[in-house]
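Hello,

Please open the sequence and the model side by side, and read the notes below along with them.

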Amino acid sequence: MAAASWAAPTTSFAPAPAPGRLNASPLSLKMLPRRVVLRAASESAMVSGETLLGLYEKERLGHSQYADEEADDDRYWEVLDADLRYWTRSLRPVQWYPGHIATEKELKEQLRLMDVVIEIRDARIPLSTSHPKMDSWLGNRKRIIVLNREDMISTEDRNAWATYFANQGTKVVFSNGQLGMGTMKLGRMAKSVASVVNTKRREKGLLPRPVRAGIVGYPNVGKSSLINRLLKRRMCPAAPRPGVTRELKWVRFGTDLELLDSPGILPMRITDQTAAIKLAICDDIGERSYDFADVAAILVQMLIRHRAVGSEAFRRRYKIDVDGDCGKMFVTKLSLQLFNGDASQAGFRILSDYRKGKFGWVALERPPT
């Protein structure tokens, strides 16, 4: 698959001279409102070296590593979002919608049967692994959000998301579907949330019935593994790759809970390409939909800015220096050192190392501020 081109920017952040004042001095970034700087960067082409991060932080703080202190965390995540939009503009769009993906019609029909919806998300990217139409589909139906793979994020990441959802009044469970952590709490919570169903049935003189809980989520976020752990037996096929579950399937959990495992759901067209890149990094989307080298280069640029990772982690891991902020250059150097110039193999190695925690367990998203 051909790699997308990475173009260096020619955009200048200096304003045009005002009419009649051609000798006016350029306006300093210090005088510009922050939102103006963010907007200017989002309208530029992707860069591999000097970014909004460098322009804004070097001017405002006088250094390039703006995430060195804990107090800068909010700024790090805010500016990172702008940089991701900046970097992805010139890449080939990431799109993936294979035939086994559940259709919106199928899912909405099954939602009508559900008393409670259990939405599984990847704890590393909770925002990017939520379908943009999910809120409108659910309406007033009860929902529990499960952030799976909690073992792949830091305690700091976990606490930030727990606080965020608590403030929203949303029930959330952190889980590890592979080891079964959080599954019993999820089962109890699902029964508790949906208990009102049988209360109303008894009021009408009807016999109680099992609570129906639908498990939905993006491909490869761990839906089937979670069900198998809940049931303590292998009822649903599961594997660490997208697209294993291919049909809607109801399974019984005890006498009072039924679970619906569904194929992964994805928008027919992913319009948010920053979310698409994160899906690719976390292996939540098919490999044929993206270029390993391009995605790995963006991951490098994200992690060298991360306070818990930084460029030193790449030097220790690969014995290669990181040149400034250029992820593509690093991928190229790694390909020459280990893979005879094959950038795709080098990119796959970096992505695999992140997924295995070789740079530490860190999330790629934090709650919006």
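Let's begin at one residue: Ser 130 counts as buried, because its relative accessibility is 17% (buried is under 20% relative accessible area, exposed over 50% and partly exposed in between, with a 1.4 Å probe and protein chains only). This is a predicted model, in which local features need pLDDT of at least 70 and side-chain atom pairs count only at pLDDT 80 or more, while totals for chains, interfaces and linings use all residues. Residues are numbered from 1 along each chain as its sequence is written, and side-chain values use heavy atoms, with hydrogens and water left out.

**Around Ser 130**

You will find Ser 130 in the loop that runs between strand S1 (116-122) and helix H5 (134-138); helices (H or I, at least four residues) and strands (E, at least two) are DSSP runs numbered from the N terminus. Which residues does Ser 130 touch, leaving aside those up to four places away in sequence? They are Glu 119, Arg 121 and Tyr 218, where contact means heavy atoms within 4.5 Å. With Glu 119, the Ser 130 side chain makes a side-chain polar contact of 3.0 Å, and with the side chain of Arg 121 there is another, of 3.3 Å. (A polar contact is a pair of N or O atoms within 3.5 Å; within protein, one must be able to donate a hydrogen and the other to accept it, and residues adjacent in sequence count only if both atoms are side-chain atoms.)

**The chain as a whole**

Stepping back, the protein chain has 14 helices and six strands. Of its 369 residues, 52% are buried. Among contacts with a separation of 6 or more, 72% are between residues 24 or more positions apart.

How confident is the predictor? The mean pLDDT of the chain is 75, and 73% of the residues reach 70 or more (pLDDT is the predictor's confidence in each residue, from 0 to 100). Of the elements, helix H14 (residues 343-355) has the highest mean pLDDT, 97, while helix H1 (residues 34-42) has the lowest, 39. Over residues 1-50 the pLDDT stays under 50, and the model has 79 contacts beyond four places in sequence for them. Residues 52-68 are also below 50, with 45 contacts in the model beyond near neighbours in sequence.

Helix H3 (residues 73-88) packs against helix H10 (residues 273-281) at about 90°, and their axes are 9 Å apart. (Axes are lines fitted to C-alpha atoms, for helices over the stretch in contact, and angles run from 0 to 180 degrees between N-to-C directions.) H3 and H10 are therefore roughly perpendicular (under 35 degrees counts as roughly parallel, over 145 as roughly antiparallel, 65 to 115 as roughly perpendicular and the rest as oblique). H3 brings Asp 81, Leu 84, Arg 85 and Thr 88 to this contact, and H10 brings Gln 273, Thr 274, Ile 277 and Lys 278.

Pro 93 sits in the loop between H3 and helix H4 (104-111). Its relative accessibility of 42% is why Pro 93 counts as partly exposed. Not counting residues up to four places away in sequence, Pro 93 touches Gln 273 and Ser 289. Its C-alpha atom is 10.0 Å from that of Thr 274, 181 residues away along the chain.

**H9 and its surroundings**

Helix H9 (residues 223-231) is mostly covered, with eight of its nine residues buried; among them are Lys 223, Leu 226 and Leu 231. Helix H7 (residues 183-193) crosses H9 at roughly 85°, their axes coming within 9 Å. That angle is why H7 counts as roughly perpendicular to H9. Here Thr 183, Leu 186 and Gly 187 of H7 meet Leu 226, Arg 229 and Leu 230 of H9.

In the loop between strand S4 (211-217) and H9 is Asn 220, which is buried because its relative accessible area is 11%. A polar atom of the Asn 220 side chain lies 2.6 Å from the backbone oxygen of Asp 283.

**One last stop**

Is Leu 260 buried or exposed? This residue of strand S6 (residues 257-261) is buried, because its relative accessible area is 1%.

Enjoy exploring!

Best wishes
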